[in-house]
Amino acid sequence: MGNNPFLSVKDLRVEYTSDKKAIYAVNGVSFELEKGKSLGLVGETGAGKTTIAKSIMRILQCPPACIKSGEIYLDGEDLLQKSEKDMLEIRGKEIAMIFQDPMSALNPLMTVGEQIAEVVATHDKSLSKHEAEQKAIEMMEMVGIVGSRAVEFPFQFSGGMKQRIVIAIALACNPQLLLADEPTTALDVTIQAQVLRMIKDLQDKIETSMILITHDLGVVAETCDTVNIVYAGKILEKGTVEEVFDAPTHPYTRGLFDSLPKLNEKTDRLTPIPGMPLDPSIKFEGCPFAPRCERATDRCRQGEIHETHLGGTHYCSCVLCDQRGEA
Amino acid sequence: MAPVIEIRNLKKYFGVAAGTNHAVDDITMTIEKGTTMGVVGESGCGKSTLGRTIIRLLEPTAGNILLNGEDITHAKGHQLTKVREKMQIIFQDPYSSLNPRMSVEDTVSEPLVISKKYKSKAEINDAITEIFSLVGIDQRFRNAYPHEMDGGRRQRVGIARAIALNPEFVMCDEPVSALDVSVQAAVLNLLMDLQEQRKLTYMFVTHDLSVVKHISTNISVMYLGQLVETSPSDELFDMPLHPYTKALLSAIPSTDIHHKKEQILMKGEITSAINPKPGCRFAPRCPHATEACSQPQALQEVGKNHFVSCCRVKELG
């Protein structure tokens, strides 16, 4: 087991059923994450990023969602084989999740102190009520909110502070894996910078591994070690942030970079990606990006597209790299 | 070039339980024909309120609004209808700003019918065909309903409705922030093309600084209802002067992994504009604040079209 990565997801497939139609949300996703490192999952709306995180946390509602196949190993143990009772132990303690919207992630009828203490008490039964409350106050101070505000309710806090409380709840039990689902999308840039810096500092302190879900490539560049580009429930390109940002190879990754307005260079026109994302209720063959790709050929529309190793830890699932080593 | 929009000491206050919210406080600006004024700031700083007050969707508390030199601050009835033809708005959320029970064609034709400029159904029909091809909506979507379209197409419908009567001034209220980046680029290109073809004047409200840099001629930075800095777009990014502008620009996450910039992390959170104290509202978070910052601040000219509202701007450089 010694060389095994800390988290490893193998060929994960998730489907939703709605109106008797299947929605293919995650279509064979595999990736790994080392201890103490951060992985960015980047993709557009509906790419399946949140579904991947919820599968790891095992909080997908079933039905409508169904994990069709795959293995998720955390520290050598397959989470998908665990009973719900085991998962109750693992959730919050080993794996914690930060949700996108801090406004709806907190219980409006409980004080924030109670909400942090609840997690602590659930996972450490030996603690007295008072000790759990003390720990809650400690956590609040760690995320930069004065402990005396533990008796206040969520509505008394600003958006940025609520998100910090959500983070305090997530980190209260020193989880080994943190799933952060667009943790700063609802926040302003200056507050976003504060929150990202804080997550990073705390992560260094307790050696947590993190999966950061976002659609913002800038946030990935500032926070992550490795990055996976997700499209239509598939990973099209992955590697370290340096590998992918220095040499984006998949036409979709390149399209994403090209469509961003740049701060440090003058462009007269942006280059949008033509077309629209796939209808997820249609099972595709070949590359999911082929209908929008200018360089697509017949080969792209049939059979399985294999991952090509571009060097280092850089992989790209594109026929063009398969043929020439580089697209 | 003549200014299309001029506002002088514009104020918009809202009465709230805790007192008075100074959402827009004493703002003066000029927008020249064919240019884009970007307005940036964090949520709650009053940027949307400013835009909506200018196009008279909200009643101003004090100050003046001039459209092509004509004072429209108190325009009513028929005059206001005429003013509205010249000033339009594109909303942030293409999902909630379209009537789900109206077909796309009905939505876009409504302003044409209200204007009474078209004599027959056939004329309206022709006008819609033209508008659709201008904004890039396929004619087969004429009878479609909003729920049948994706976000990018819906936003095109919102744009079609706004430009249907050939306005001079369009207030764009975060028009791309609900869209994915690949679609966002296409909508930004469309807005810039329309501006060129029709000599449109825009006010572009957004919190996305790379978008605002791309589209704007001039940029105004707001903080809690006040204008803290206004400058030509490139100059603002090359030489930000107000401490808030500097902090804001340094906080943008950059995709450039080899040139890490030093982030200026601000202390604390945005306070509120309810019953504010006199003086600079950024002072409680500002690393350079002194006694003098509690006095009311005036905009100082520091370059051509570049104004800053900070009493320490000269010494800080």
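**View 1. Arg52(B) is partly exposed, with a relative accessible area of 28%, and forms a salt bridge with Asp173(B).** In this predicted model, local features need pLDDT of at least 70 and side-chain atom pairs count only at pLDDT 80 or more, whereas totals for chains, interfaces and linings use all residues. Residues are numbered from 1 along each chain as its sequence is written, chains are lettered from A and ligands numbered from 1 in the order in which they are written, and side-chain values use heavy atoms, with hydrogens and water left out. Buried denotes under 20% relative accessible area, exposed over 50%, and partly exposed the range in between (1.4 Å probe, protein chains only). A salt bridge is a side-chain nitrogen of Lys or Arg within 4 Å of a carboxyl oxygen of Asp or Glu. The side chains of Arg52(B) and Asp173(B) meet at 3.1 Å, N to O. This pair links distant parts of the chain, 121 residues apart: Arg52(B) lies in helix 1 (residues 47-54) of chain B and Asp173(B) in strand 7 (residues 169-173) of chain B. Helices (H or I, at least four residues) and strands (E, at least two) are DSSP runs, numbered from the N terminus. Asp173(B) is buried, at 2% relative accessibility.

**View 2. Lys117(B) and Glu85(B) are joined by a salt bridge.** The N to O distance is 3.3 Å. Glu85(B) belongs to helix 2 (residues 77-86) of chain B, while Lys117(B), 32 residues apart from it, sits in the loop between helix 3 (104-115) and helix 4 (121-135) of chain B. Lys117(B) is partly exposed at 45%, whereas Glu85(B) is buried at 10%.

**View 3. In chain A, Glu84(A) and Arg91(A) form a salt bridge.** Their side chains meet at 3.2 Å, N to O. Glu84(A) is partly exposed, with 43% relative accessibility; Arg91(A) is buried, with 16%. Over all chains, the count comes to 21 salt bridges.

**View 4. Ser231(B) is buried, at 0% relative accessibility.** This residue is part of strand 10 (residues 226-232) of chain B. The side chain of Ser231(B) reaches the backbone nitrogen of Leu236(B) at 3.3 Å. Apart from its neighbours within four places in sequence, Ser231(B) is in contact with Asn218(B), Ile219(B), Leu236(B), Asn305(B) and His306(B), where contact means heavy atoms within 4.5 Å.

Methods
Polar contact = N/O pair within 3.5 Å; in protein donor to acceptor, adjacent residues only side chain to side chain.
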